[in-house]
Amino acid sequence: MEHRAAIPVTLPRDNPTQSYWQLEPDEIADLRSTDALPDTADTVIIGSGITGAAVAFNLLSHGARNIVMLEARQASSGATGRNGGHTKAASYRSFLDHERAHGTAAAVQIARLELANIRAVHAFARDHGIACDSKPGDTVDVVYDAAQWAHDQRAVAAMRAAMPGDDDDDDDAAVYALHGPDEVRDMFFCGRGGDEGVCGAVSYEAGSLSAYKFAVGVLKLCLAEGLNLQTNTPALGLEKLEGGGWRVETGRGSIRARRVVLATNGYTARLWKKFQGVIVPLRGHVIAARQGRSMPSEGLPATYSFIYEKGYDYMIQRPKGSQFEGDIVIGGALAKAADEGLEEYGTTDDTAFDGVIMQSLYDSLPQYFGDNWGADDPDGRIRKAWTGIMGFSPDGFPLVGEMPGEKDLWVSSSFQGHGMVLCWMCARALVAMMEDGAEADEKLDSWFPDVFKITEERLRLTFKGRLS
């Protein structure tokens, strides 16, 4: 793994695979708010995905102005515009590890933040009228591995013990239902025909949406408040200026700014070399499939993950009233590739895909749904297949805060493939740090995990593979 983590991180590639979510690029996809790049700015945000959009919105809400956002390709076309459409935490799957490494209080705080993030995203979409097919609801993890099923039951019990609840919504983070194999077959349409080796399942609160449409919607709110968006303008380098501030170099000129925010996730090490081997790119694969002819006409009762030895797949169904209603969007299958997907680490090449992983995703749906899948749609199973670049850290947590020793260089990146349950609240915390100074820690202590904050110690860790 060490040699994969050491591969120099590149800029986002030209001509990436086309994401299902971007079949019809939004009107701001190629927007440049001004024809010429501004010479100066108060704040430059690099990256226009959900993190960049959320940071911009929160800064503007705090009264900040003169903000320029640089995007290497089209608006929100990176990981945010290329994901699987889930807002799903699965906090129980990491709870015991977090508790063992950092204590019960930290594990509880992480689980609560993840649920709060899911709820906040869907609430924001609702309250601001962002048409992004937002659908809060339930999810189910169907487990095919006996050891994993035993672990999951222990984890749920531990979360219930740690968060017994006192009519407090925060402790909804420990609300899970466990299902035996017969219940899985009857309730969730899995395990009858195809792969019948179901051990059990865990269901809980989650949701789905088009993250692309959501992030674009947030950007439009920011544009209305004066954000200067510059797409197709990759940041090429950063220079610390004598007397304070930063120069951001692009192919269209440079910008002098008081402060810079790196909302660049898997690409962060391209701009700041200290992140090489600390935020490691990992290429993910996703397909959108037309559902089988025997699938329930009323739609599936939840979103899904399918947990097997050494890996998992994750899946949503497009909701009623959406474009391509009923389509199945499924991603994952990393462990099915050679060497458990080793070659996917360290690459930023979303212009291509691994054939073994894509074939596994193609084959998976009739296996998971068995007799309930039926014949393929006459137009074929696959509507679209694509890849995207995620960012992973050695300890499995985001890196949020001001770079140690680098005044006014701020970062919120490395979301472990779980950006839709981390980015929104991490952006909120980052802006509190940027705007509230010494008072920020006191405000954040109650809800933002210390283990997410950037430290010199975390920057010295060695990457050994994904932990989540």
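## Salt bridges

By the rule used here, the count of salt bridges comes to 32; a salt bridge is a side-chain nitrogen of Lys or Arg within 4 Å of a carboxyl oxygen of Asp or Glu. This is a predicted model, where local features need pLDDT of at least 70, side-chain atom pairs count only at pLDDT 80 or more, and totals for chains, interfaces and linings use all residues. Residues are numbered from 1 along each chain as its sequence is written, and side-chain values use heavy atoms, with hydrogens and water left out.

Let's start with Arg-259 and Asp-42, whose side chains meet in a salt bridge at 3.6 Å, N to O. Arg-259 sits in strand S9 (residues 253-262) and Asp-42 in strand S1 (residues 40-46), so this pair ties together parts that are 217 residues apart in sequence. Strands (E, at least two residues) and helices (H or I, at least four) are DSSP runs, numbered from the N terminus. Both Arg-259 and Asp-42 are buried, on a scale where buried means under 20% relative accessible area, exposed over 50%, and partly exposed in between (1.4 Å probe, protein chains only). The two also belong to a network of salt bridges that links Asp-42, Arg-258, Arg-259 and Glu-435.

Another pair is Glu-325 and Lys-320, with their closest N and O atoms 3.8 Å apart. Here Glu-325 is partly exposed at 43% relative accessibility, while Lys-320 is exposed, at 57%.

## Around Met-433

Next stop: Met-433, found in helix H10 (residues 423-436). Met-433 is buried, its relative accessible area being 13%. Setting aside neighbours within four places in sequence, its contacts (heavy atoms within 4.5 Å) include Trp-410, Phe-448 and Lys-453. Glu-402 is 31 residues from Met-433 in sequence, and their C-alpha atoms are 8.1 Å apart.

Lys-453 has a salt bridge too, with Asp-450 (3.0 Å, N to O). Lys-453 counts as buried at 15% relative accessibility, whereas Asp-450 is exposed at 52%.

## Two packed helices

How do H2 and H7 pack? Helix H2 (residues 50-61) meets helix H7 (residues 211-224) at an angle of about 30°, and their axes are 9 Å apart. That makes H2 and H7 roughly parallel to each other, a label for angles under 35 degrees.

From H2, the residues making the contact are Ile-50, Ala-53, Ala-54, Ala-56, Phe-57 and Leu-60; H7 brings Phe-214, Ala-215, Val-218, Leu-219, Leu-221 and Cys-222.

How values were computed. Axes are lines fitted to C-alpha atoms, for helices over the stretch in contact, and angles run from 0 to 180 degrees between N-to-C directions. Angles under 35 degrees count as roughly parallel, over 145 as roughly antiparallel, 65 to 115 as roughly perpendicular and the rest as oblique.
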